[in-house]
Amino acid sequence: MDAPQENKAHHQTKEKVKSVDLHNIKAFGYQSGQRTRNAIAHQLNIEQIRLFQAPTHKLQPEDPPIVVAVQGPPGCGKSMLIRSLIKHYSQQRIVDLKGPITVAINKVSRITFIEVAPDINSMMDASKIADYVLLMVNAEHGFEMETFEFLNLLLSHGFPRVMGIITHLDLVDRSVGKDIKDRFRKELNTGIKVYKLEKIVNGKYEKKSIQDLARKLNITKINALSFRKNRAFCLVDRAEKSPENPNRTILYGYSRGTGFKDGDHCHLAGVGDCVIEKATELEDPCPIVTKEASTRTLLKAQRTIHAPMSTLGGVVLDDEGGGTVDIPINQINFTDIHKPGLEITKEQMEELDEGIEVTEGVRKVREMQQAPAKKEDENEEEEAMEIMPGVKLETQKVEEAKEEKIVQPKSEKVAEEEEEQAEEEEEEMEPPQQDEFAGESSDGFDEPEMELEEGRIAPGKYVKLEFSDISPQFITRLDPTKPIVLGTLFEEEQSVSRQWIKIKKHRFYDRILKSTDPFIISVGWRRFQTIPIFFNEDRGGRLMYLKYLKDLATNYATYYGPSSAINVGVTAFQHIKEDLVAFRVSGTGVTIKEMGDGKVVKKLRVKGTPKEIHTRTAIIQDLFTSEVEANQFLNAQIRTVSGIRGVVKASDKNGNVRCSFEDQIRKSDIVFINGWVEVKPTEFYSEIKNFVTENIPLIKTYAEIRSENNLRPQYKEDSVYKDVVREEKEEHAPKIPKSIKQNLPYELRKKKDDQPKARAVILDEQSAKMNKAFEMTKALFMQKTMEKEKINQKLQEEKEKAERKAEMERKHKMTKNKQEYFKKHPKMNRK
C-alpha cells in the first residue's frame, strides 16, 4: 500500500504555434481594371441620383387629401375606374360623375379623385396640382397623343408619381399588354408600376382587381415640389354666388401649400387675377378618424365621402349642405321635414300613404321625425342608419332601428365568403405605419417646419373663400367636369414685364417654330398667349436673333407677359384646338433671369457703290439716306467684297460718305458695312379665359389667315432661292514690262524668247494636197467606226430585251406548273 502508484504516462502536449496572419488583401479585390472602373462609376452614379432626387413628404393626418388625377383618351374607362374605386372605399354609388370627389381610405389619409378631360386646358391645370396620376391606356388603340401630351405637361410642371393602367385587354392578344408595359417603362422609368384591368362585371371592373389596385393606392409619400410648397393653392370642389351679395363669388376647397388669408392676391386659372376678400375655415366635410379609435378599420359610418358637384346615389347636395333626392314623387317614403317649407301634417301623410306600400320601419322613422328633437348628450354614442344610398339618419335608439331592419337568410357558403372578404378589407383599410419622426423623409431630406403666419388658415383645412372681382360669367358657365385651380401669387408675380426662358423644340412636333409667331404658354398658375422671339448666345456674349428655332438644340426666348419666378417649368403650344389631329406640345423649357445686357440683336448689312475714287480715298453712295443717319456711323469700319478694309471719315447732305481704304478700290467694287439692330418682342399678351368666354379670342398666324381666305404668300424676289452662277473669266498671260525684262539674266531672257506659243508652218502645194488626203481618209474611218458602234449598241439592247422576256416567260411557266401540281396533289392534313 505504501508503494507509489504507477500511472500511465500522459501524451506529450504539442507546443502552440502562434497564428500567422495569412490573409491576402488582394484576394477579394477586383481582378480587372475595367471591373474596378465600372464599380466605382456605379457607386458614384447612385450617389448622384440620391443627391438630385426630388425630396419627398411623408403624409400626416393634418395634411389635405391627396389629389389623384385619372387621365386618358376618350373611351379608355376613366369614369368606370373612379366609380369602382369610390364604391370600394365608401360603398357609395356615383350616378353623375362631376368635379372632385374626396373619400376616406383609412384612418389617417384621404384621396381626392379628379377626371382629367381630354382638352388641353384641363390637362394644363391638372398637371400643376396632381400628387398621383393614374395614366390609362386603351390596349385596343395603344398609346395616343393625349397621353404623351399630358406626360410632357407633367415633366414641365413638376413630375409627380405615376401609375400606368391598361384596359380593354380582353379585346387584344396578350402580347399587346406586355408591349405597352415596356413602352411605359421606356418613356418614364424602369421602376414605374403598371396595372392591368381585364374583366368588367355589371358595368364595373372586377372586384378583385379593384381591391389589388386600392392596396397600391395606399400612398404614404408624395413628391415635395418647391413651387407648390411655397405657395397657397386650392382645388375648388364647389363654386356659387353669395346669397347676400350676387356680385360676390364663393369658392370652397381644401387649403394646400402655405394656406390662405384675407387680402391674398390669387390667380384663378381660366378666369384671371383676383383678391381674397374673406377667408373662413369650415368644418371638414370628410373628416379623418383619430388613432385612438378602438377598431382597426373604418366603420361603415366612418367611410365618409364628399362629392358636392356629383350625384351620389341619387342625392345631390344643395348650397346649404342639405340633401336633395332625385327620385319620382310616388316613391318618396320620407324626407327631412324639419327643413323650412317641408313640414307635413298627419292628414297629408295619410293621403300620401294611400296607394303606397309603407313598411313598419318607415312608419317608425316617421314617428321619430314627428317626435320633438332631443338635446345632444355628449356621453351617448350616436350611430347612423342608412335608409337609402347616400341618405343617413342619425338616432340614439340604435337597438330599435336595428330591430326594424329586414334581414334575408343567407347560405353558409355566402356567409363564409363575406367573412373572408371582410378580413381582406380590414387588412386593406389598415392605416400605414408612421415613422417616429413624421417630418423626415426616407431619402435623407429634412423638411423644416414652416411657421404659420398670423391670420393665415393652416393647410389641410376646408376653407370658404369670397371674391368680389371674379366675372359673374364664371358661375353661369361653370363646367364641373373641368378642374378649377386657384393659386396665390408673390408680389413680384403680379406685374407684367419682359420675361426670359430657355426652350427646346419637342421632338414630336414636326412644324417649324418661327419668331414673332403667337404661342400659348403655360407657366406657374397662368396660361396665356404671347409673341416670343428666339435667340442664341455667341461666344462674345452677344444675343443673336434667330428667325427659326433650331431642332434638337437648346435655345433661348424672350416675350412680354406676366412675371414669374426663376426655374419654373414652361410649356409652349402653337395651337390648342381640340380637333387638331397632331401633337400640340411645341416646346418645353424653364424660366431664367435676364441674360447679358438684355438686347437681342440681328445683323444688318448695308451696301453701297463708289461714286468717285481718288487713289486710296473714295466717295461712297447708297449707304445711307441722310446726313443724320450717316453721322451715326462715323469712324465705322467698312469693307469691300474683295477684302479691302476702310473707315468712314465724313458725310455730306445727300448721305454720301468719304471713306479711306488701305488700297485703291475700283468702280466695280461693292462696299458694305455690318451693323447690329436691336429686336424687341411685341408688347402683347392675352390670358386664356376658357371659363368666362366660349370662343377664346386668339390671334392667328399669317399662315392661318392665308389658309382661311385662300390667299397665296406674298412674292418677294429677294426671298427666292436661286442657283449661284459664276462666270468663268479668261486668264490673260502675264506681261513682263520691258524695264524688268532688260534687267533679267541673259539665259532667262533667251528661254523666254525661244518658247513661242505658236509657230507658223508654211507648206508647199504637194504637201498641202497630201495633208488634205490624210484628213479625208481619217474622217471616213471615224464615220464608219461610229456607225458600227451604233449597230452594235442596238444589237446589244435587242439581245438584253429578249433575255428579259425569256426570263419572265420561264418564271410564269414555273408558277403555272406549280399551281397545276398542287391542284392535282393537295396537301394532306397531319393528324
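These legends describe close-up views of charged side chains in a predicted model.

**View A. A patch of positive charge on the surface.** Four residues gather here: Lys87, Arg93, Lys207 and Lys300. Arg93 sits in a loop. That loop runs between helix H2 (78–90) and strand S3 (94–96). Arg93 has 42% relative accessibility, so the residue counts as partly exposed. Patch members need over 30% relative accessible area and no salt bridge.

**View B. The salt bridge between Arg248 and Glu277.** The two side chains meet at 2.8 Å, N to O. The pair joins distant parts of the chain, 29 residues apart. Arg248 lies in the loop between strand S12 (233–241) and strand S13 (249–254). Glu277 lies in the loop between strand S15 (272–275) and strand S16 (278–282). Both ends are partly exposed: Arg248 has 23% relative accessibility, and Glu277 has 37%.

**View C. The salt bridge between Arg248 and Glu466.** The closest N and O atoms of this pair are 2.9 Å apart. Glu466 is buried, because its relative accessible area is 8% and buried means under 20%. Arg248, at 23%, is partly exposed.

**View D. The network around Arg248.** Salt bridges link Arg248, Glu277, Lys464 and Glu466 in a network.

View E. Glu765 and Lys769 meet through their side chains at 3.9 Å, N to O. The cut-off for a salt bridge is 4 Å, so this pair is counted. Both residues lie in helix H17 (residues 765–824). They are 4 residues apart, so about one helical turn separates them. Glu765 is exposed, and Lys769 is exposed too.

How many salt bridges does a search of the whole structure find? The search finds 24.

Definitions and conventions
Residues numbered from 1 in each chain as written. Predicted model: local features only at pLDDT ≥ 70, side-chain atom pairs only at ≥ 80, totals over all residues. Heavy atoms only, no water. Patch = residues over 30% accessible without salt bridge, like charges linked within 9 Å, V, L, I, M, F, W, Y side chains within 5 Å. Areas by Shrake-Rupley, 256 points an atom, 1.4 Å probe, with all protein chains shown as cover. Lys, Arg positive; Asp, Glu negative; His and termini not counted. Charge placed at Lys NZ, Arg CZ, Asp CG, Glu CD. Helix = DSSP H or I, 4+ residues; strand = E, 2+ residues; numbered from the N terminus. Buried < 20%, exposed > 50% of the residue type's maximum accessible area, 1.4 Å probe, protein only.
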